[in-house]
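Welcome, and take a moment to look around before we start.

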Amino acid sequence: MREKRLFLFGLFMHICGFLLFMKGFFPSKVVLSGVNQFSGGESPFKEYQAPKFEKLILVVVDALRSDFLFSRNSSMHFVHSLVEQGSAIPFTAYSNPPTVTLPRLKGITTGSTPNFLDAILNVADDKDTSQSLSKQDSWVKQLLLKNKKLNFFGDDTWLKLFPPVEYFENFDGTNSFFVSDFTEVDNNVTRHLSTNFLSSDWDVLILHYLGLDHIGHKGGPRSSFMPSKQKEMDQIIEMLYDRASDDTLLVVMGDHGMNEIGNHGGSSTGETSPGLLLASPKFQKLGKNLKCPLDYNADYKYYGKINQIDIVPTLAALLDFPIPKNSLGVFIQDFLPLWKFENQIRILKENCEHLLSLYRAKYGQSNLEGKWEKQKLSNSIDSYYDFLYLIQNQLTASAAEYKYHEIFLGLALLLGSTGISSSNFLISYLKDKSQSVTPYSLLAIFILFYVSHFFASSLIEEEHQVWWFLSCLTIMTTYFSKQISRHSSLLLLIGIRLIRSWCNSGQKYYSFSFSDYLLGNPDILWQLNIVTYVVATIMLYSEGDLTKCFMMAPYVNFKEHLRDVGSMISFILVFVTSTVSFSFKLCQYFNDGNNIPNWLYPLLVWIGESHGIPIESMVENQLHALNVSFSKSFFVLVAVLASARIVLGKLRRKTNLLLTDISNIITLLLIHQTRVEIIPIFLVFFFVKFTLKHQIFTNDQLPLDRKTIMKLSWLTICLQNLSFLSMGNTNSIATVDLSNAYNGCNSYNIFIVGLLTIISTFTGPIFWSLSLSQMLYDQKLVENNTRTLSRHEIAETFQKKNISSLLFYSTSGLVLAISCFALRFHLFIWTVFSPKVLYFASWSLILHFFIEYLFMGLLLWLK
Amino acid sequence: MSPNIKAPSKTVSFLHDGSTEVVNIEDKVVLKFPNSNIPLLTLPIHNAFFIVGLFLYGLQQDPKGILRKNLVTYIVIQFSYGYLITIACSNKKKKDRSEDNRGLLIGASMAISLLLSLPVFITLILLGAPLIEYLEETYLLGLYLSLSAIYPLLIQFKCNYETLVNFFGNGNALQVVSQNHVAMSSVGYAVGTWIGVIPLPLDWDRDWQKWPITLLTGGMAGSFLGSLIPLFLDCYRKFTSKPGSKKEL
């Protein structure tokens, strides 16, 4: 009893502590909707009633690092001559990580910086169209509102952000899918720049070239293709500059840079230092007198260093439109002399007013107001810049916004919970009659080894390797301490070896995986899928007591058994459930545009015909509607099966194998929520599960002793993590799979979609926790030899299992929080550590608390 | 001389070809296994030199080619190492029957360990080596593993399977193995190879993180370090039991 109270207290502290830590750790961001107006009602950017520029050409060259433009290694000689003439003003523009095209384009167009949660939302819904910035203010929107004619050619990410029908007069998106293509992607853009087009009536031309990025990914920044590509870009810039009229502003920029091996996404200097160039003959009067090219330097610092988002207010002033609402940029000082002095002050005032409005929206009224009142009277440009940078820093520096009180309180609670769980663990060691130290110390060593990996960013990225290492060690140590036989340990090893190779995980290695192979061989894929469905159905039908619950008369012989109406009903229910799920998978696969193997095609046609849909001349929506109804009926059938099993079992006192049946029913649900190429992994899961079960039930009697329960729960944790990471998941938010999140949904419902997402993300872990419970509490009655577990024994087993899993979760939670806090200024804090925190939170809260504690507790209570 | 438990010759029975002696001392069964009598001779220091040599040869640039090229060299080295083991393990007091067949023993052990490289290779894959890629590298690693971890054991135990199983499988295995120089170098090799995977996932992007350099290096270093353990244990025991060395068991 004391153990239980301690456990509950520890669990409570763990959950509260981790939530509190996260609340302090993740700052929030305010995004304002709507379109901005000039603060004073009329434009402060005009001079002599006219804007500085009427037309804009923006050339985005993907991954154009600053040294590609300005260093001596650069082949862009026309750019160099422009800079030397003074017609182009060069910068190195800091781009905020994540240095990936989509978030960067958002930054370049809206002027906002992504914070961590923003970056998650960015990537999480990468696959649908809700990315669109059509609701948010950006300079593209502002120019559209000025009735400018916009044209876009290049990377189709832009079209995702700006729905082309709404925004662009002419457009052509190129897909960046084929990274090995260096020339076609760019020719696709350049072919639109015919003389005809350039002399026609347009105001804004946006070009996005991908070839350079592709070269980087393939061969790195020193690739032999690089000089010729730079020359090509240089010629395009020359052509555009020569054709452009005097009131056209030409902007050349990289959306992000690249690192030494040509990749990007992180926050190294190379990746965050793209070049930026604003060119127009008008800039000659700024009298810059710059030398170009400059010597190569490893910091990629060339000329003035600005923030990439500063381009937004600068464009606003040069082209005369209100600064987009969420922009955090500061007007680039180099361009101020284009205006008269009093207008310069007006521009800066507008910029200040704009940033202040954002500041007010975020913090409410503040001490800055007084400062602003004083500032307004000043006439010193420098003091305006000081003021602008002050607000900008406060708005962008999310790192400074850690709420230390909450973080410390959270850490203290986590520490307390770890203390409680480890003392519980010690108590349980002392209570163990066998008094053998080895399994307890091994568990402690494994957990310590595991938690130490939280301090290495690359090990977090490659966590599947850590779990592989630990799983192998666990199996080997159990074999060497003679707890499992040689051939079961060999079978287990083979099983986890197959699991490991199912999908690629992590960032570093990309090797052969079964899922890739199956995707390339649909025949084998569907044969295996059929086998998986058949095995799962047979297990559901015969492993547990499902049929016995439905049967009218007690089991006499097989013939009688077949005649029984109840057994008929249960068979039909089970058969229909899995068939519906399989049909759904097949139709979904077809609907996604894949080719069905020839031998399965008749089945598909038959499914279609029996629902009145001709497959050959099928309308897409019809099949979609069919899929939705399939999925819905499948969910209903699963619910009916589960509740019938529980109720009938209770009525007829057949609760012995309840968990077996429930876990088999839920396994069907899990298969339903898995991607087709991963479904056959369940065959391996069944194999491993039966090896384990066989091993336990030949050696031990229920209830299992402390030691065995502890070892089994640790092995389950290993298997859960290994299969989680081998089913296509990683510790990066980008791999959250939404392809099964809308099964059976006609419209977006946050609750249902969220639930389905959780199930399809955690299929592996849920499967293993159900299998564990099956091993811990269910035993087949063999010739009345074994007795069923009493209520008290069930509660004790449950308790013992919880102690070891809480030890794992509380220790990991504490160490993860400590490592994130200690490394909060680390380069990868937002890209590696923070996603891990979120993943851990969902493991701990959803899997450990809701599924393994509440749901299992409920089932055991029903048993 | 031999650090093994010195048996007062109460009842000594010879099993097999005399490589194992079962000695009953006060109802306790203590197994005595062949051990190197000249530990310094069987120290696999050549492994340490060999791996350094491989690195100097450019292992980092072309692991596969270098490992392939130097396999023959390593086999030759192992031949002479095997000869050293037979010398170190020969019992001078007794007439060793197999002494005349040294050449045969070394040759047979070599052949067996080359054959065993296949099961070793499969084990490596089972324990997580790449499934389809780098097969040749993995196989070479298996060859080296088999040559430097299994081959010395085979020689020491005169290719006697039962003695070997007894050696690792007896109730007192931890103590027996930890005192055996050759066996500890093999265990060290295996452990070193296993630990050698740890640097692989780190994002340091070094040449030496290529498969299977770290594993090979771990193994080679492990075999050398492992064979030092019995020496240390030996020194430790001598140091602690000096005052009453006569009373020793």
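In which helix of chain A is Leu658(A) found? The answer is α30, which spans residues 658–672 of chain A; helices here are DSSP runs of H or I with at least four residues, strands are runs of E with at least two, and both are numbered from the N terminus. Before going further, please keep in mind that this is a predicted model, in which local features need pLDDT of at least 70, side-chain atom pairs count only at pLDDT 80 or more, and totals for chains, interfaces and linings use all residues. Residues are numbered from 1 along each chain as its sequence is written, while chains are lettered from A and ligands numbered from 1 in the order in which they are written.

Is Leu658(A) buried or exposed? Leu658(A) is buried, because 25 other C-beta atoms lie within 10 Å. The term works like this: a residue is buried if 20 or more other C-beta atoms lie within 10 Å of its own, exposed if 12 or fewer, and partly exposed in between, with C-beta atoms placed from the backbone. Setting aside neighbours within four places in sequence, Leu658(A) is in contact with Gly649(A), Leu859(A), Leu862(A) and Lys863(A); two residues are in contact if their C-beta atoms, placed from the backbone, lie within 7 Å. As for Arg346(A), 312 residues away along the chain, its C-alpha atom is separated from that of Leu658(A) by 76 Å.

Now turn to Phe449(A), in helix α19 (residues 437–452) of chain A. Phe449(A) counts as partly exposed because it has 13 C-beta neighbours inside 10 Å. Leu470(A) is 21 residues from Phe449(A) in sequence, and their C-alpha atoms are 8.7 Å apart.

Next, see how two helices of chain A meet. The axes of α34 (residues 763–777) and α36 (residues 829–862) of chain A come within 11 Å and cross at roughly 35°. Axes are lines fitted to C-alpha atoms, for helices over the stretch in contact, and angles run from 0 to 180 degrees between N-to-C directions. The crossing of α34(A) and α36(A) is right-handed; a crossing is right-handed if the near helix is turned clockwise from the far one by less than a right angle, and left-handed if anticlockwise. In α34(A), the residues taking part are Pro765(A), Ile766(A), Ser769(A), Ser773(A) and Tyr777(A), and they meet Leu847(A), Ile851(A), Glu852(A), Met856(A) and Leu860(A) in α36(A). This contact divides into seven nonpolar residues, two polar and one charged. Here Ala, Val, Leu, Ile, Met, Phe, Trp, Tyr, Cys and Pro count as nonpolar, Asp, Glu, Lys and Arg as charged, and the others, Gly among them, as polar.

Stepping back, the domain assignment of chain A, which is automatic or from a database, gives domain 1 (46–336) and domain 2 (462–789). Their centres, taken over C-alpha atoms, are separated by 49 Å. UniProt, in an unreviewed entry, annotates several spans of chain A as "transmembrane region", including residues 407–430 and 442–460; such annotations may be inferred rather than shown by experiment. Residues 407–430 of chain A are 100% helix and 0% strand, with end C-alpha atoms 34 Å apart. For residues 442–460 of chain A, the figures are 79% helix, 0% strand and 22 Å.

What about chain B? Chain B holds nine helices and three strands, and its elements run β-β-β-α-α-α-α-α-α-α-α-α from the N terminus on. Of its 249 residues, 35% are buried. One of its helices, α8, is the place of Ala183(B), which counts as buried because it has 28 C-beta neighbours inside 10 Å. Ala183(B) touches Leu153(B) and Val177(B), not counting residues up to four places away in sequence.

Helix α8 (residues 181–195) of chain B also pairs with α9 (residues 213–240) of chain B: their axes come within 6 Å and cross at roughly 145°. The contact of α8(B) with α9(B) has ten nonpolar, eleven polar and no charged residues.

Finally, how many residues does each chain bring to the contact between chains A and B? Chain B gives ten and chain A gives 15. On the chain B side, seven are nonpolar, one is polar and two are charged.
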